[in-house]
Amino acid sequence: MLYIHQTTCISPQLSFSTIQLDQLQESVNNRLQVIEPAYEGIPNGILRRMGKAIRFGVGAALPIIRGAVASIDGIIIGTANGGMEDCIKFLNQIIDYEEGMLTPTNFVQSTTNAIAAQIGLLSANKAYNTTHVHRGLAFENALLDAVMLLKENTDAHYLVGGVDEISMYNYNIDYLDGWFKKESIDSKDLYQSGTTGSLAGEGAAMFLVNGNSENAKAKVAALHLLHTEDEQLVAKQLTLFLEKHLRSGEKIDVLLSGEDGDSRSLHYYNACENVLDKQATVARFKHMMGEYATASAAALWLACIILKEQSLPGHMIKYGSSSSNVNRILIYNNHKGRQHSFILVEKMK
Amino acid sequence: MGAISAIGSSVTENRMALMQEKCGIGPLEMFVTKYASLLPFGEIKITNNLLREKLRAHEPGLTRTTLLALHACEEAIKDAALTATQLNSFDTALTGASTVGGMCLTDELYHDANKKENGSAYLSSYDCASVNLYLQQRYGINGIVNTINTACSSSANSILYGARLIKSGLAERAIVGGVDSLAKFTINGFNALHILSPDKCTPFDEQRRGLNLGEAAAFLVLEKEEAVAGKKIYAELTGYCNTNDAYHASSLSEEGDGPYLSMKGALAVAGISPADISFINAHGTGTENNDLAESTAMLRLFEKVPLFASTKANTGHTLGAAGAIEAVYSILNLVNQEVYTSLNFKQPIEATRLQPVQSYTKMPLQHVMSNSFGFGGNCASLIFSKTDY
């Protein structure tokens with residue numbers, strides 16, 4: 001499918017300037033907000049005008065762009081709500097000034113394609129540039145886009161990323177829609193809550209991908225996207241997925257689960273765990289990253305780290321051991337109950 | 001194919017209007033905005049209630065954007081005679097596009113984004129994905145479903161994504177397209193950039209003063225050659241390319257690098273040379289920037305610039321729907337071997353002296369190119385070719 005050669009992540013955890021996943025950073029006011037680095041390489045004048053998602057999306061991409069040995073043949077971003085903070089700022093102006101003469105900055109920065117566009121602009125990249133916005137499968141479609149492009153040209157390099165921010169927009173709207181906890185809780189108690197809703201998260205995870213295995217950090221061996229509210233179908237699709245992509249004797253070592261503390265979606269995660277039938281360590285990541293549409297991008301970054309370190313922080317473990325031979329990680333993620341994905345990530349030999 | 005715009009609520013109606021040089025741009029009759037009396041728009045004169053009745057779509061939370069998409073999608077699916085089995089099959093994909101999504105509901109969004117209680121029925125309908133998630137559920141689409149937003153080139157990218165899903169074996173057929181409805185958000189945004197024309201737009205004219213916003217939806221059903229078996233084929237998608245102008249967030253470079261590269265790239269994919277293009281459905285928004293940049297790019301690429309026209313003078317700039325509806329128009333050019341008048345043109349741009357098609361003409365056409373260039377420098381070009389079926 002494709003090989004990951006470089007990866008970065010700006011998240012609510014220590015994942016960027018230094019990587020210290022054992023030091024769990026906890027939620028504040030039911031939100032897991034990113035730790036923003038000092039953005040080197042973005043001129044202050046430009047930085048000031050950027051909305052949050054664009055800022056940390058570009059910030060996560062820059063090290064990869066600067067460090068890329070070969071030219072980047074495309075920039076593919078998945079985001080459901082990127083830029084929405086600026087969108088609401090502009091919208092509020094429309095209402096408050098009764099459609100009077102407004103300044104366009106917020107409007108131009110608020111379109112979801114602004115992240116990919118800004119990365120293209122800053123790196124003077126005229127190649128393929130696109131933004132997938134299919135909510136809980138936005139990142140997976142971005143990854144699939146790269147898979148298809150690499151099938152046609154194995155030697156090409158693509159920057160693929162998933163970015164979303166906690167903005168007044170999605171926090172308030174999703175809160176009213178019941179997607180976030182009504183009660184005040186700490187992220188470390190997320191999975192024991194037994195109530196509906198999760199904790200809002202945000203982040204940007206970027207990947208430099210290519211069709212060649214030499215010097216790669218990890219391999220994305222298979223990817224599956226699914227829309228359903230039938231957990232039996234999810235389990236059946238997972239079984240088929242594993243039959244198709246695991247050779248005889250191979251097994252999943254870690255199930256990296258998108259379980260998010262929302263009691264309503266637990267049955268999907270249970271169904272997938274049952275398919276694996278205690279054969280794999282089950283680890284969870286949303287107490288670290290929070291719940292948002294492109295959280296699976298952060299999960300993929302985590303998978304790369306786990307494969308490299310051959311261990312995972314104790315606070316992630318639901319079941320099983322924190323260190324043993326980790327060759328194969330299956331990411332199962334579910335967004336708002338209906339959108340599901342399986343990503344099979346393999347260690348380089 | 002399926003299409004609904006300010007000049008018709010079906011592909012046939014749209015074609016008739018194009019042949020008759022009908023302009024769908026004028027004063028607003030339904031949409032409420034401070035600019036209603038100041039600016040012309042390509043409004044579809046059908047109310048949401050009428051759409052809901054016609055489409056039997058009474059679920060709560062359906063935005064106008066979703067209703068328009070459903071209208072065009074329904075027409076396309078019927079036209080392609082897709083069976084229920086085919087729709088539900090795991091190898092049927094759906095890729096849509098929108099830039100506005102449910103943000104057409106400015107007041108509801110303002111309330112839901114800012115107030116702490118009494119959320120509206122539209123809480124899950126604001127993002128662009130909500131449109132395609134509704135279509136996925138309504139038709140029981142079980143293959144890959146996606147939504148793309150690359151500003152004005154969104155649905156062109158949606159078409160090329162669906163085509164590549166088929167090409168790489170991830171789908172047997174793909175329903176592809178895009179939609180956008182009028183919204184205070186885009187009206188005020190474009191107005192703040194000073195690119196809305198107070199008159200009907202005049203693409204490629206020296207005196208052009210900007211664009212008119214319009215609303216529309218269009219969907220096409222793409223299938224592999226081997227799978228088509230006996231059904232009528234309108235055209236073949238032979239070329240496509242996506243590039244980035246990488247110059248500025250909301251305007252194109254003077255040399256039109258992005259447009260030049262996307263047109264050139266589409267030719268390469270189609271395996272044809274510039275001289276093989278019979279006609280171009282230009283992006284032609286009527287803004288000072290686009291029309292000059294696009295013209296410059298055409299002059300760079302083509303030794304002899306082919307016949308070209310902009311249908312945005314008929315429909316307005318339909319943003320997320322533009323790529324798809326103009327793809328439909330390009331296919332109509334090919335199927336009927338005709339080109340339509342580029343409306344409101346009087347004098348060519350001084351710097352380029354290029355003139356678009358000025359009257360409806362029947363003529364032999366083999367390959368038609370369709371361009372879509374958007375904010376963020378996102379450029380896309382598609383090439384449709386006549387088939388002999």
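Visitor: How do you know that S3(A) is joined to S4(A)?
Guide: Five bridges link S3(A) with S4(A), and the two run parallel. Strands here are DSSP runs (E, at least two residues), as helices are (H or I, at least four), numbered from the N terminus. Within this pair, Ile77(A) stands opposite Thr131(A) of S4(A). S3(A) also pairs with S5(A) in the parallel sense, over four bridges, and there Ile77(A) stands opposite Gly161(A).

Visitor: On what kind of model does this rest, and how is it numbered?
Guide: This is a predicted model, in which local features need pLDDT of at least 70 and side-chain atom pairs count only at pLDDT 80 or more, while totals for chains, interfaces and linings use all residues. Residues are numbered from 1 along each chain as its sequence is written, and chains are lettered from A and ligands numbered from 1 in the order in which they are written.

Visitor: What makes helix H7 of chain B largely enclosed, and how does its reach stand against the expected value?
Guide: 13 of the 14 residues of H7(B) are buried, so this helix is largely enclosed by the rest of the structure. H7(B), residues 154-167, reaches 20 Å from its first C-alpha to its last, close to the expected 20 Å; the expected span is 1.5 Å times one less than the number of residues. After H7(B) comes Gly169(B), with a positive phi near 80 degrees.

Visitor: Which residues of H7(A) are buried?
Guide: They are Tyr169(A), Asn170(A), Tyr171(A), Asn172(A), Ile173(A) and Asp174(A). Their cover includes H3 and S6 of chain A and helix H5 (106-114) of chain B. Just after H7(A), Gly178(A) has a positive phi of about 85 degrees.

Visitor: How many residues of chain A are in contact with chain B?
Guide: 47 residues of chain A are in contact with 52 residues of chain B, where contact requires C-beta atoms, placed from the backbone, to lie within 7 Å. H3(A) gives the most to the side of chain A that touches chain B, with six residues.

Visitor: What makes S6 and S8 of chain B edge strands?
Guide: An open sheet of five strands in chain B has the order S6-S12-S11-S7-S8, with mixed pairing. Strand S6 (236-244) and strand S8 (307-309) are its edges, as each pairs on one side only. Neighbouring strands of the sheet are turned by 20 degrees against each other on average, direction ignored. S6(B) pairs with S12(B), residues 378-385, in the antiparallel sense over eight bridges, and Thr243(B) stands opposite Cys379(B) in S12(B). Helix H13 (residues 322-336) of chain B packs on the sheet, touching S7, S11 and S12 of chain B, and makes about 165 degrees with the direction of S11(B). Axes are lines fitted to C-alpha atoms, for helices over the stretch in contact, and angles run from 0 to 180 degrees between N-to-C directions.

Key
Contact = placed C-beta atoms within 7 Å. Buried ≥ 20, exposed ≤ 12 C-beta atoms within 10 Å, placed from the backbone. Pairing = 2+ DSSP bridges.
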